[in-house]
Amino acid sequence: MRTLTLIGRVLTAGSLALGLGGAALAQDAAYPTKPIRLVVPYPPGGATDVAARMLGPRLQEELGQTVLVDNRPGAGGNIAMVNVVQSPPDGYTLAVTLTGMLSINPVIYKKAGFQASDFVPVARVSLAPLLLVVPEKSPYKNVQELLAAGKKAGKGGMPYGSAGAGGLSHLASEAFNANADGNFTHVPYKGGAPLVQALMANEVSWGLLGTGDVRSFIQSGKLKAIGQLRNGRSELWPEVPTLTEQGVPGGVDFDVWFGVVAPAKTPPAVVKLLGEKIAKITAEPAFRKRLNDLGGVAPATGNTPEAFAEVLKRELAILPKAAQDAGLQLD
């Protein structure tokens, strides 16, 4: 009798567990049942914002729920990323972020408020090379002329701009600055769009920006691209030589990617669904053409959470140390 009672309890517990598991599965299967927020760590108008606003309407169609873009600029992107980390991990708050945010910020900020492990990668939306751009009327036609001017100007003689203190734009710029004996002075802006405006107003002598931020301005002649930070020339800019071609060693071989991440404990089924939907959208000819027109390229190979995780793994193996070696430290 005691054995039968024990078996009954085990069966009852098993039924409850299956019931709870079934409920969890059913909850995931029902996703989404309310609006989804895409949090952007920069102001409207920059390349990260454009990527989010391109993705949002199609993702809304695919999921059958409203998708809202929520711009939360400030603190080099930390405000937005902390907001996402502190949100319930249920798939209704996502971040549209970019290269370096997860790998550099936690190292260089004393209180970034998050680690890469606080997020799970979902899918990438766009890739674009970093370009070294100068104002329209800049006298510098190539990077060697710019470096020579920096050396001649002396410490603090020429300002350069970045899209945010501590980001990839800043880190890569300091690597370039080292070739001018560190004479260029850093001026941080809150995103790519403000930096573009500063360049056109001649507030700074040069800046490193993703293609999405500067393509239309280069095409209209308002800015000039004099180099790209890649091992080889991008299909988007076959006429622009790389820094390596121009005799600058140690070029940064990181395209700027824009992608979607979620809080780490988001249910795997939800991450998988979101990843599949985003991969479907980025593979569409119309979406890819629009990306090209704006200066981006959709991921050419498998766009899965696992593939995205490999990209982040590579970054985490290289960029944090590079930031430390450069002595970057922000409050």
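Modeller: Here are your questions, taken in turn, about a model that is predicted.

Colleague: To get going, what share of the 331 residues is buried?
Modeller: The protein has 11 helices and 10 strands. Among contacts between residues at least 6 apart in sequence, 77% join residues at least 24 apart. As for the buried share of the 331 residues, that comes to 51%.

Colleague: Let's start with strand β1. Are its residues mostly buried or exposed?
Modeller: β1 covers residues 36-40. On one side sit I36, L38 and V40, on the other R37 and V39, and both faces are covered. The count for β1 is 5 of 5 residues, and the word for them is buried.

Colleague: Which residue of β2 is the bridge partner of V40?
Modeller: β1 pairs with β2, residues 67-71, in the parallel sense, and 5 bridges join them. Together with α2, these two strands make a right-handed β-α-β unit. Within β2, the bridge partner of V40 is N71.

Colleague: And which residue in β3 stands opposite L38?
Modeller: β3 takes in residues 93-98, and it runs parallel to β1 with 3 bridges between them. L38 is one of the buried residues of β1. Opposite it in β3 stands L94.

Colleague: Now helix α3. How many of its 8 residues are buried?
Modeller: The helix runs over residues 78-85. Its buried residues are N78, A80, M81, V82, N83 and V84, and they pack against β1, β3, α4, β4 and β10. α3 is largely enclosed by the rest of the structure because the buried residues number 6 of 8.

Colleague: What about the largest pocket: which helix gives the most to its lining?
Modeller: The pocket has a volume of about 280 Å³. Its lining has 22 residues, and nearest the centre are A47, V50, G212, D213 and L294. At least two residues each come from α2, β4, α7, α8 and α10. With 6 residues, the helix that gives the most is α8.

Colleague: How many residues of the pocket lining are polar?
Modeller: In the lining of the largest pocket, 11 residues are nonpolar. Another 3 are charged. The polar count is 8.

Colleague: Why does L273 count as partly exposed?
Modeller: L273 is in helix α9, residues 268-282. Beyond its neighbours within four places in sequence, it is in contact with Y31 and L63. From L273 to V122 the C-alpha to C-alpha distance is 9.1 Å, though they are 151 residues apart in sequence. L273 counts as partly exposed because its relative accessibility is 22%.

Colleague: Last one: how far apart in space are A225 and L209, C-alpha to C-alpha?
Modeller: A225 lies in strand β9, residues 223-228, and is partly exposed at 22% relative accessible area. Setting aside neighbours within four places in sequence, A225 is in contact with L131, L132, V133, I218 and V240. A225 and L209 are 16 residues apart in sequence, and their C-alpha to C-alpha distance is 9.9 Å.

Terms used: Residues numbered from 1 in each chain as written. Predicted model: local features only at pLDDT ≥ 70, side-chain atom pairs only at ≥ 80, totals over all residues. Heavy atoms only, no water. Buried < 20%, exposed > 50% of the residue type's maximum accessible area, 1.4 Å probe, protein only. Helix = DSSP H or I, 4+ residues; strand = E, 2+ residues; numbered from the N terminus. Pairing = 2+ DSSP bridges. Right-handed = clockwise from strand over helix to strand, strands pointing away. Contact = heavy atoms within 4.5 Å. 1 Å grid on protein atoms, 1.4 Å probe; cavity = no way out; pocket = protein on both sides within 12 Å on 5 of 7 lines; lining within 4 Å. Points joined across faces, edges and corners; volume = space filled by probe spheres on them. Nonpolar A, V, L, I, M, F, W, Y, C, P; charged D, E, K, R; others polar.
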